[in-house]
Amino acid sequence: MVRGLSTARESQQELADAARDDLHRTHIALLAQSRSGLVREVVAGRDDVPFGVQAALSNDDVHEVRAAIAANPRAAISVMNHLAADSHHCVLLALASNPSAPREVAQKLSSHRRADVRNAAIRRLESRDLPVAPVVLDPDSHIPELRERAQMPPERVPNPVGWAFSADIDYPGGRTLSRLAQHISGAQRGASPHPA
């Protein structure tokens with residue numbers, strides 16, 4: 001019984017964290033691996049979900065999580081293309097209703113066997129003539145990693161394996177991740193993996 005209460009409290013804390021606006025990308029990635037489908041669903045609906053997390057959530061076992069990423073206007077185009085082949089109608093309906101879904105996805109869904117998915121996709125295609133903000137036309141520009149890399153000069157683009165986390169990460173396990181990143185970074189440069 002105590003274990004069940006502890007798990008419920010952890011889940012409630014994760015749910016509260018998942019709704020916070022000021023989360024670091026690494027914390028978002030950790031919450032996306034929660035045992036709670038509801039926590040993963042909240043993470044999938046965030047507008048700052050990193051691309052790698054989007055890709056992972058688009059393959060989640062819980063269809064509500066996949067539907068949340070399908071409905072997310074900030075989802076990457078490649079993630080939306082992947083979700084267009086999903087077998088659950090709730091995911092397809094969410095995708096067909098997504099205002100950022102590309103025309104190709106809406107066209108594919110407009111011939112779906114389920115009328116609700118088909119009708120949502122047709123409505124989406126008919127609304128394509130409406131003015132759309134340039135930000136919505138390129139949902140991939142909302143992905144923090146891609147946006148940051150696009151703004152960096154080529155010589156400053158970091159090696160993803162060599163990235164180090166700040167020691168000031170404000171969540172449990174942050175310091176461990178920081179030390180692990182520093183260890184990997186030092187080993188790649190030929191430095192001693194154990195600082196003096």
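In what order do the elements of the chain run from the N terminus on? In this predicted model, for which residues are numbered from 1 along each chain as its sequence is written, the elements run α-α-α-α-α-α-α-α-α-α-α-α. The secondary structure comes to twelve helices and zero strands, helices (H or I, at least four residues) and strands (E, at least two) being DSSP runs numbered from the N terminus. Local features were taken at pLDDT of at least 70 and side-chain atom pairs at pLDDT 80 or more, whereas totals for chains, interfaces and linings use all residues, and side-chain values rest on heavy atoms, with hydrogens and water left out.

Of the 196 residues of the chain, 35% count as buried, a term that denotes under 20% relative accessible area, with exposed meaning over 50% and partly exposed the range in between (1.4 Å probe, protein chains only). Among contacts (heavy atoms within 4.5 Å) between residues at least 6 apart in sequence, 47% join residues at least 24 apart.

Helix α5 (residues 63–71) packs against helix α7 (residues 89–97) at an angle of about 10°, with the axes 7 Å apart. That angle makes α5 roughly parallel to α7; axes are lines fitted to C-alpha atoms, for helices over the stretch in contact, and angles run from 0 to 180 degrees between N-to-C directions, those under 35 degrees counting as roughly parallel, over 145 as roughly antiparallel, 65 to 115 as roughly perpendicular and the rest as oblique. On the α5 side the contact involves His63, Arg66, Ala67, Ala70 and Ala71, which meet Cys90, Val91, Ala94 and Leu95 in α7. These residues divide into seven nonpolar, one polar and one charged, where Ala, Val, Leu, Ile, Met, Phe, Trp, Tyr, Cys and Pro count as nonpolar, Asp, Glu, Lys and Arg as charged, and the others, Gly among them, as polar. Within α5, the residues Val65, Arg66, Ala67, Ala68, Ile69 and Ala70 are buried, and the elements covering the buried residues of α5 include α3 (37–44), α4, α6 and α7.

Helix α7 also packs with helix α9 (residues 115–126), at an angle of about 10° and with the axes 8 Å apart. Accordingly, α7 is roughly parallel to α9. The contact is made by His89, Leu92, Leu93, Ala96 and Ser97 of α7 together with Asp116, Val117, Ala120, Ala121 and Arg124 of α9, and its residues divide into six nonpolar, two polar and two charged.

Leu57, in helix α4 (residues 51–57), is buried with a relative accessible area of 1% and, leaving aside neighbours within four places in sequence, is in contact with Ala32, Arg40, Val43, Ala44, Val65, Arg66 and Ile69. Leu57 and Arg40 are 17 residues apart in sequence and 7.6 Å apart in space, C-alpha to C-alpha. Asp86, in the loop between α6 (77–83) and α7, is buried with a relative accessible area of 14%, and the side chain of Asp86 makes a polar contact with the side chain of Arg66 (2.6 Å); such a contact is a pair of N or O atoms within 3.5 Å, of which, within protein, one must be able to donate a hydrogen and the other to accept it, residues adjacent in sequence counting only if both atoms are side-chain atoms. Asn98, in the loop between α7 and α8 (103–109), is buried with a relative accessible area of 1% and, not counting residues up to four places away in sequence, touches Ala70, Ala71, Asn72, Pro73, Met80 and Arg124.
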